[in-house]
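Dear colleague,

Please find below the structure that I am handing over to you. My findings follow it, arranged by topic.

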Amino acid sequence: MSDETRKRKRQQRLFSLRRYIIFFFLMAGVITCCMTLFLNMMSRSTGLVLSKAYLEQAAKVTFLNVMLLSLLCTMIDGIRRKIMVERPVRQITDAAEQIMQGDFSVRIPSVSGLDPADGFGVIAEYFNQMARELAGTETLRTDFIANVSHELKTPLAVIQNYGTMLGQPGLPEDKRIEYARAVTDTSRRLASLITNILKLNKLENQQIYPTVQTYDLGEQLCECLLSFENAWEKKELEIDTDVEENVMVDADAELLSLVWNNLFSNAVKFTEPHGRISLSLCSEGGDAVVQVSDTGCGIPPEVGAHIFEKFYQGDTSHATQGNGLGLALVKRVMDIIQGDISVSSEAGKGSTFTVRLRRKNDEKSEKNHA
């Protein structure tokens, strides 16, 4: 039994000497004052002079009454504390100990005392809410570790295998180049995974603070799209753009570039050769609306419901070399800058991601739209 537990047991005794002494002095003060006033009034009204023996006897009786009343009040207070204070406190502390030991399934039953306004019911409600939040966080943490372990294990195994084959004596030059390229590509994928994990961790722990500036959203979109020129030319994709000019936004350009780069990367990745990717930007009221569409494989409804979750991949074969973090980053960025992202898709026909941002309404932009 720990010292803290022993201390708590001593505090939970029905009879407490400290409380008895408090009640004793309280009763002694009250009764002494009352008796003094009573005897004084009686002697004045009757004119009687009380004898010393009578006063001594009265003092003894008064002292005994003080002791008995103090004992009675102490016992009543102890019973009250047992029922109204110590029982709900014990339930809360026992549940807290289970939480500290890692059991997040514990819940405090409804705490109701003689006084509904004592606050213990509110404490229990908030405690249960905290336990539910911790349970959800623990589940996410466990899943995150499991997914990270899996995602790290796969490229490391590939690097290890190709590294072993590179060490074979008499390896032909073409095979050596092929294996070295495979190691380089896998290392690049592993570095991208670790970078995305670090970015997502900073975003979720609010270690990245948006640097707001006013800039032309259309220019940023075109610059990000052009950075994928080699990739779309290699697959001979058709690129359609309909970008409205002078759409200004107040946002963090670096954070938003993460959004566009991930959306364009996915569009190129999941679109078959000779397919089409479309980019549009327009103003709708006070919003800037960006749409990125492709004619790729599309997203089934059961996949679309989880597409913004960490490490979730519709392609379980990992054939597309993704790590399931890109859209989770996108969603977190949109939450931080108070934007909105949605997806509409049909399996086999492609997908359209729609991003809504508050645009900058100034006199210049109003004149241009007029």
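Predicted model: local features only at pLDDT ≥ 70, side-chain atom pairs only at ≥ 80, totals over all residues.

Gln220 belongs to helix α6, which covers residues 217-226. Apart from neighbours within four places in sequence, the residues in contact with Gln220 are Tyr215, Ala253, Leu256, Ser257 and Trp260.

As a general point, an α-helix has 3.6 residues a turn, so residues three or four places apart point the same way.

**Cysteines**

A search of the whole structure for disulfides returned zero. For Cys222, the nearest cysteine sulfur is that of Cys224, 9.5 Å away; a disulfide requires the two sulfur atoms to be within 2.5 Å, and Cys222 is accordingly in no disulfide. Cys222 is partly exposed, with a relative accessible area of 34%. Cys297 is also partly exposed, with a value of 42%.

**Aromatic pairs**

The search of the whole structure for aromatic pairs found two. One of them is formed by Tyr162 and Tyr179, whose ring centres are 5.5 Å apart; with 50 degrees between the planes, this pair is tilted. Tyr162 is in helix α4 (residues 120-166) and Tyr179 is in helix α5 (residues 173-204), so the pair ties together parts that are 17 residues apart in sequence. Tyr162 is partly exposed at 24% relative accessibility, whereas Tyr179 is buried at 12%.

Phe228 and Phe264 also form a pair: their ring centres are 6.4 Å apart and their planes stand at 70 degrees, so the arrangement is edge-to-face. Phe264 belongs to helix α8 (residues 253-270) and Phe228 to the loop between α6 and α7, so this pair ties together parts that are 36 residues apart in sequence. Both Phe228 and Phe264 are buried.

With kind regards

Conventions
Residues numbered from 1 in each chain as written. Heavy atoms only, no water. Helix = DSSP H or I, 4+ residues; strand = E, 2+ residues; numbered from the N terminus. Contact = heavy atoms within 4.5 Å. Buried < 20%, exposed > 50% of the residue type's maximum accessible area, 1.4 Å probe, protein only. Phe/Tyr/Trp six-rings, centres within 6.5 Å; stacked < 30°, edge-to-face > 60°.
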